[in-house]
Amino acid sequence: MVKVLVLTSKGRVGKFFDINTLPKDWELVYGEALKTDEELLNLAGDADFIFVDAIREISKHLIDQMPNLKLIHSEGVAYNKIDTEAAKAKNVFVCNNAGANAPAVAEHAVMLMIGLLRRLLEGDMMVRTGKQIEAKGSFILDGITEISACHVGFVGFGVIAKETAKRLKPFGCKMSCFDIYRNEDAEKQLGVAYMPVEELLKECDIISLHLPVTKDTENFINEERLALMKSNALIINTARGEIVDQDALAKALVQGKVAGLGTDTLNPEPVTLDNPLLNLPSEHRYKVLFTPHIAGTTLQAFATMHKTSWENMMSVIKGDRPKNIVNQM
Ligand SMILES: NC(=O)c1ccc[n+]([C@@H]2O[C@H](COP(=O)([O-])OP(=O)(O)OC[C@H]3O[C@@H](n4cnc5c(N)ncnc54)[C@H](O)[C@@H]3O)[C@@H](O)[C@H]2O)c1
């Protein structure tokens with residue numbers, strides 16, 4: 001018998017993976033609703049695997065009390081809530097789904113760029129309120145810019161930024177990137193020029209953020225860096241709210257120092273109603289296009305993540321090494 005403690009939504013497990021394809025002697029035990037380690041240990045302390053929502057914590061205490069545990073699998077890409085050191089000390093693999101939702105996030109970043117360029121929300125509202133002709137007339141006079149005419153700058157040129165560049169290449173726009181590590185092969189292949197960050201912020205019309213949150217990247221887009229940007233600059237954030245100083249950005253939008261923001265993430269999450277970006281004066285509200293942190297949550301991304309997770313668990317039972325180990329085992 002192989003037991004899996006499932007700490008994500010039962011609905012998602014049923015939807016994204018055909019559990020009938022698992023060997024007959026596998027038992028899935030659903031503990032998502034339980035709050036404490038003790039409750040989880042009572043339910044499935046003898047489990048071989050934990051399959052866990054990326055935002056749920058897995059403590060040292062839980063790991064230490066599960067003698068049969070072999071692998072903890074994050075359902076998503078993040079694994080910062082799992083005590084990877086405690087797992088390593090007990091020879092338990094921790095695995096994630098690195099890169100699995102990169103295509104989804106890249107597509108979303110392109111959507112935010114075009115949504116802002118075409119003033120999607122404002123145009124929609126004007127059509128709904130009988131102002132179609134006014135919208136068309138004023139948008140034409142203000143100027144509607146094609147993405148092909150934009151210089152796009154990637155801040156952070158990792159997996160998602162590269163996928164975004166791949167999708168932008170056919171539009172024909174000029175592209176540049178900044179990262180602490182160079183990847184000259186990818187730059188060449190995708191037609192992306194490397195630039196120091198100050199130059200990139202000064203030159204680009206669209207600045208697409210793809211940094212992880214670290215102590216060096218918190219508030220990376222701050223008042224000083226915002227001041228370098230062009231007044232027509234659009235900022236796209238599919239990374240994390242923490243990398244932007246939201247007060248400074250709200251101020252820059254109101255003062256016309258930058259033109260727009262398309263963001264999938266805010267800080268903190270869950271988003272609070274006092275967030276400065278939610279409270280721009282009404283004449284500036286359409287400068288911001290929000291989405292509810294769904295960039296990476298497509299059907300295709302979840303199907304890939306669930307397939308990889310269950311295949312990894314089956315590999316471990318066969319005695320093979322799983323893919324995407326994140327705790328240096
Ligand atoms: N919106 C969503 O649904 C969603 C989904 C997945 C990931 N994300 C976020 O997207 C972001 C990028 O993810 P990824 O998978 O492309 O990550 P990645 O690790 O592949 O790329 C990050 C890049 O940032 C660079 N970097 C790190 N610190 C830097 C610094 N101080 N200065 C310059 N460059 C630096 C790294 O060298 C790396 O190339 C992360 O913040 C991640 O949390 C969001």
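Strand β6 and its surroundings

A: Strand β6 and strand β7 (residues 174–178) run parallel and are joined by five bridges; strands here are DSSP runs of E with at least two residues, helices are runs of H or I with at least four, both numbered from the N terminus, and two strands pair if DSSP finds at least two bridges between them. The model is predicted, with local features needing pLDDT of at least 70 and side-chain atom pairs counted only at pLDDT 80 or more, while totals for chains, interfaces and linings use all residues. Residues are numbered from 1 along each chain as its sequence is written, and side-chain values use heavy atoms, with hydrogens and water left out.

Within this pairing, phenylalanine 154 stands opposite cysteine 177 of β7. All five of the five residues of β6 (residues 151–155) are buried, so the strand is largely enclosed by the rest of the structure; buried means under 20% relative accessible area, exposed over 50%, and partly exposed in between, with a 1.4 Å probe and protein chains only. His151, Gly153 and Val155 point one way from β6, whereas Val152 and Phe154 point the other way, and all of them are buried. In a regular strand the side chains alternate between the two faces of the sheet.

β6 belongs to an open sheet of seven strands with parallel pairing, in the order β8-β7-β6-β9-β10-β11-β12. The edges are taken by β8 (192–194) and β12 (288–290), each of which has a single partner strand, so one side of each is left without a neighbour in the sheet. Ignoring direction, neighbouring strands of this sheet are turned by 20 degrees against each other on average, where axes are lines fitted to C-alpha atoms (for helices over the stretch in contact) and angles run from 0 to 180 degrees between N-to-C directions.

The ligand comes next, with 23 residues surrounding it, the closest being Val159, Ile160, Asp179, Leu211 and Thr238; a residue counts here if one of its heavy atoms lies within 4 Å of the molecule. A polar side-chain atom of aspartate 179 lies 2.6 Å from an oxygen atom of the ligand, and a polar backbone atom of isoleucine 160 is 2.9 Å from an oxygen atom of the ligand. For isoleucine 180, a backbone N or O atom lies 3.3 Å from a nitrogen atom of the ligand. On its own the ligand has 870 Å² of accessible area, of which the protein covers 80%; such areas come from the Shrake-Rupley method with a 1.4 Å probe, and for residues only the protein chains shown count as cover.

A second open sheet has five strands with parallel pairing, in the order β2-β1-β3-β4-β5. Its edge strands are β2 (26–30) and β5 (93–95), each with a single partner strand, so one side of each is left without a neighbour in the sheet. From one strand to the next the twist averages 20 degrees. Strand β1 (residues 2–7) runs parallel to β3 (residues 49–52) and is joined to β3 by four bridges, with leucine 7 having valine 52 as its bridge partner in β3. Four bridges likewise connect β3 to the parallel strand β4 (residues 71–74), where serine 74 is the bridge partner of valine 52. Both faces of β3 are covered, with Phe49 and Phe51 buried on one side and Ile50 and Val52 on the other.

Serine 309, which is found in helix α13 (residues 299–317), is buried, with a relative accessible area of 0%. Leaving out residues up to four places away in sequence, serine 309 touches Phe51, His73, Ser74 and Asn97, a contact being heavy atoms within 4.5 Å. The side chain of serine 309 makes a polar contact of 3.4 Å with the side chain of histidine 73, and the serine 309 side chain also reaches the backbone oxygen of methionine 305 at 2.7 Å. A polar contact is a pair of N or O atoms within 3.5 Å; within protein, one must be able to donate a hydrogen and the other to accept it, and residues adjacent in sequence count only if both atoms are side-chain atoms.

For the protein as a whole, the secondary structure comes to 13 helices and twelve strands, and 48% of the 329 residues count as buried.
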